[in-house]
Amino acid sequence: MKEANYLNNQFIIAMPSLADPIFSHTVTYLCQHNKEGALGIVINRPTGMKLGEIFKQMDIRVTSLAATEAMVFAGGPVQQDRGFVLHTPCGNWNASMTISDNIALTTSRDVLEAIAVDQGPEKYLVALGYAGWGEGQLEKEFKNNAWLNTPYGKQVLFDTPINQRWSAAADQIGIDINKLTAPAGHS
């Protein structure tokens, strides 16, 4: 792939035919995509855990009731014991990767400490683990019709109800994902 074809700062949406239980009906925000592979965070798989539980486990002082009630997501099958925070604006955190002018991915404790006392990023999504692909793996999955890519949408990432993110991400490009069918085959 040419550099211009990399999908950084975009969504990849699992096609209806993708049967892998880890990725079925998911929307993944791609944080990094280059010739070595890709890293993304699944944005529509809640763990059932609230952020308050993580604050307690990490012994973080909390004053924000809203932060304690924030949902924690299953970001993917890789490093599920590690936290990842997608957020806007980017800010100056100890371990951040700038993805775009508005979005960063942070893995350091300082961002969680700031969120816990209402001094963190304006919008955020906390995930345990990430989705990762090796060199050429994601491109092969695209050729096999496993994924549809769409532009990133702040509304979808942070504000759309979790159970609507899969269809809302596809709606951004005028596709009703529920009406897509698996390809008939290859000649």
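Visitor: How many bridges join strand β1 to strand β10?
Guide: Happy to start there, keeping in mind that this is a predicted model. Strand β10 covers residues 147-151 and runs antiparallel to β1. Within this pairing, Q10 stands opposite P151 of β10. The number of bridges joining β1 to β10 is five.

Visitor: Which residue of β2 stands opposite I13?
Guide: Strand β2 spans residues 27-34, and four bridges join β1 to this antiparallel strand. I13 has its place in β1, on one side together with F11. The residue of β2 facing I13 is V27.

Visitor: Why is β1 largely enclosed by the rest of the structure?
Guide: Let's take the two faces in turn. Q10, I12 and A14 cover one side, while F11 and I13 are on the other, and all of them are buried. Strand β1 is largely enclosed because the buried residues number five of the five.

Visitor: What is the nearest side chain of opposite charge to D110, and how far away is it?
Guide: D110 belongs to helix α3, residues 109-116. Leaving aside neighbours within four places in sequence, D110 is in contact with N92, W93 and N94. D110 is buried yet has no salt bridge. The nearest oppositely charged side chain is R109, at 8.6 Å.

Notes. Residues numbered from 1 in each chain as written. Predicted model: local features only at pLDDT ≥ 70, side-chain atom pairs only at ≥ 80, totals over all residues. Heavy atoms only, no water. Helix = DSSP H or I, 4+ residues; strand = E, 2+ residues; numbered from the N terminus. Buried < 20%, exposed > 50% of the residue type's maximum accessible area, 1.4 Å probe, protein only. Lys, Arg positive; Asp, Glu negative; His and termini not counted. Salt bridge = Lys/Arg side-chain N within 4 Å of Asp/Glu carboxyl O. Contact = heavy atoms within 4.5 Å. Pairing = 2+ DSSP bridges.
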